[in-house]
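Please open the model in your viewer and keep the whole chain on display to begin with. The tour moves from the complete fold to one place on its surface.

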Amino acid sequence: MDILITAISQGLLWALMAIGVYLTYRILHIADLTAEGSFPLGAAISSSLIVQGFNAIVSTLIAGASGLAAGLITGLLYTKFKIPALISGILTMTALYSINLRLMGQANISLLGRETVFALFEDLGLASNLIPIAIGLVAVSIIIFILFLFFRTEIGYILRSTGDNEEMSRAQGVDTDKAKVMGIMIANSLIALSGALVAQNNGFADISMGVGTIVIGLASVTIGEVLFGNLSLAKRLMCVVLGSVVYRMIIALAINLNMNPNDLRLVTAVILAVVLTAPSLKDKLNKRAMGK
């Protein structure tokens, strides 16, 4: 039961990052590696501010806002300087490594004994292992609700149309470059916010905690899509959250089976490969069944 609760809490906190990856990967159809820099950026900023005595909630919100700046840099490199999206993300991610080290002043920061967001919720009388789940549910619900309202606005429709058919959007007079920059900024803001919450839940921020972030995000997105199918936007965002939780449960199961922690990256890659190939295998099996 403890393993299950931990998997759910981790899944919910990482789900914000997965939603950010979904926005760039599925909505804009951009492979953005900025995530591997903006995730530890959120952790570095929130942890540094908390250590200096700032309010935990304010520190977390500032960390989320920092992701906007990271996304802005990648977006400008991609749209204004015409650098391919993949390379733009790599350039920003590389620069953020040094920036994160500067912010933390060292490779990692301990938050033990500090007043984190999770410590603030201890007064509510919840069991300590349930607090991350409660915070994760609240954060995910707020973000999905805001995104649901956002994508029903004119700007939201412009963002979606840019990803669906950029040429058609331009023909309608839409500034697709601005839409791309905005989408990348929102995505990285969510990723940085996730990094801030994960760091506070773990009790430390580490310079290397962003390694493999994009793979985890893609795994969460694809698991949610394969398990729950193609639904409306709001339901798809919920499926991304469920995919993140399922992914964490799979990792928890692997650890519970006494798998070497050094092999977890390999497990992640295998999971993602299996999930990505599942739809095509399903189509082939259906075609063979129909042929017979």
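With the whole chain selected, look at how its parts meet: among contacts (heavy atoms within 4.5 Å) in the protein chain between residues at least 6 apart in sequence, 79% join residues at least 24 apart. This is a predicted model, in which local features need pLDDT of at least 70 and side-chain atom pairs count only at pLDDT 80 or more, while totals for chains, interfaces and linings use all residues. Residues are numbered from 1 along each chain as its sequence is written, and side-chain values use heavy atoms, leaving out hydrogens and water.

Next, switch to a cartoon view, where the protein chain shows 12 helices and 2 strands (DSSP runs numbered from the N terminus, H or I of at least four residues for helices and E of at least two for strands). Along its principal axes, the C-alpha trace spans about 60 × 50 × 35 Å.

Now colour by burial: of the 292 residues of the protein chain, 49% count as buried (under 20% relative accessible area, with exposed over 50% and partly exposed in between, using a 1.4 Å probe and protein chains only).

Then select helix 6, residues 131–150, and find Val138 within it. Is Val138 buried, partly exposed or exposed? Valine 138 is partly exposed, because its relative accessible area is 47%.
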